[in-house]
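Hi everyone, thanks for coming. Let's take a short tour of a fold that may be new to you.

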Amino acid sequence: MHAGATPSWVIRENAGRGILLALYLREVLAVGAPAELPRLRDIGAVGSRAPDDGRLERQWRSWWDMTVEPEEHPSPVPLELVEAYGTAIALPRSGAEELARAVVPHAGAALAWVEWAEESYRTASKSRRGDSYRAYAGTIAEHEREVGRRAHSFELNVEVLPLAEVGVWWIGRKTVAVTDSLRSDAAAFDDAIHPIIAELA
């Protein structure tokens, strides 16, 4: 999406498969990080988590950062697919052993839940039709009127997720998470995304 020839802006909206998978596994493995991001709705820990020295949580957090913005957080070692997930999860060949073992028992449920979450997002997006472009372009135009200049060039990724709390959270340098219920309320979403746009533009 572009607000003119120069400068330009690009906003990508999605419910990314990798992000959904990471968040589902965060729930069932009872990982606390990132503390500022709310939990998913209606998902909880599965079984009792064996005590560890924090390695599982550190490994999940590293995988999360690579999943949200891979260009900002490249793996220092080659990645290897977790066979139970087909091509959906690739973890560092070394340094993610605890996480690789922990996610395997949850593969069937995790993949099924992600299919449901992706379909829910697609259905909601279709109901909005051409609204996505207008929602962001309108907010940028309003910001330009407020500051009296064209918006700076920027990129923003918006991940629409079934989170238990309503709001918008930064999850990367140029990525935010938005609650699906907030995204479906046009007026509330405009109000919530405006400060994000203002910070970037």
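Let's begin at L161, which stands opposite T179 in β6. L161 belongs to strand β4 (residues 154-161), and β4 runs parallel to β6 (residues 175-179), with five bridges between them. Strands here are DSSP runs of E with at least two residues, helices are runs of H or I with at least four, and both are numbered from the N terminus. Two strands count as paired if DSSP finds at least two bridges between them.

A word on the source: this is a predicted model, where local features need pLDDT of at least 70, side-chain atom pairs count only at pLDDT 80 or more, and totals for chains, interfaces and linings use all residues. Residues are numbered from 1 along each chain as its sequence is written, and side-chain values use heavy atoms, leaving out hydrogens and water.

Now the sheet: four strands form an open sheet in the order β1-β4-β6-β5, with mixed pairing. At its edges are β1 (9-14) and β5 (168-170), each pairing on one side only.

Next, look at helix α2 (residues 55-68). Which of its residues are buried, meaning under 20% relative accessible area with a 1.4 Å probe, counting protein chains only? They are L56, Q59, W60, W63, W64, D65, M66 and V68. Their cover includes α1 (17-28), β3 (90-92), α3 (97-103) and β6, the strand that also pairs with β4.

Stepping back, the protein chain has seven helices and six strands in total. Buried residues make up 43% of its 201 residues. Its C-alpha atoms fill a box of roughly 55 × 35 × 30 Å along the principal axes.

Note on methods: Buried means under 20% relative accessible area, exposed over 50%, partly exposed in between (1.4 Å probe, protein chains only). Contact means heavy atoms within 4.5 Å.
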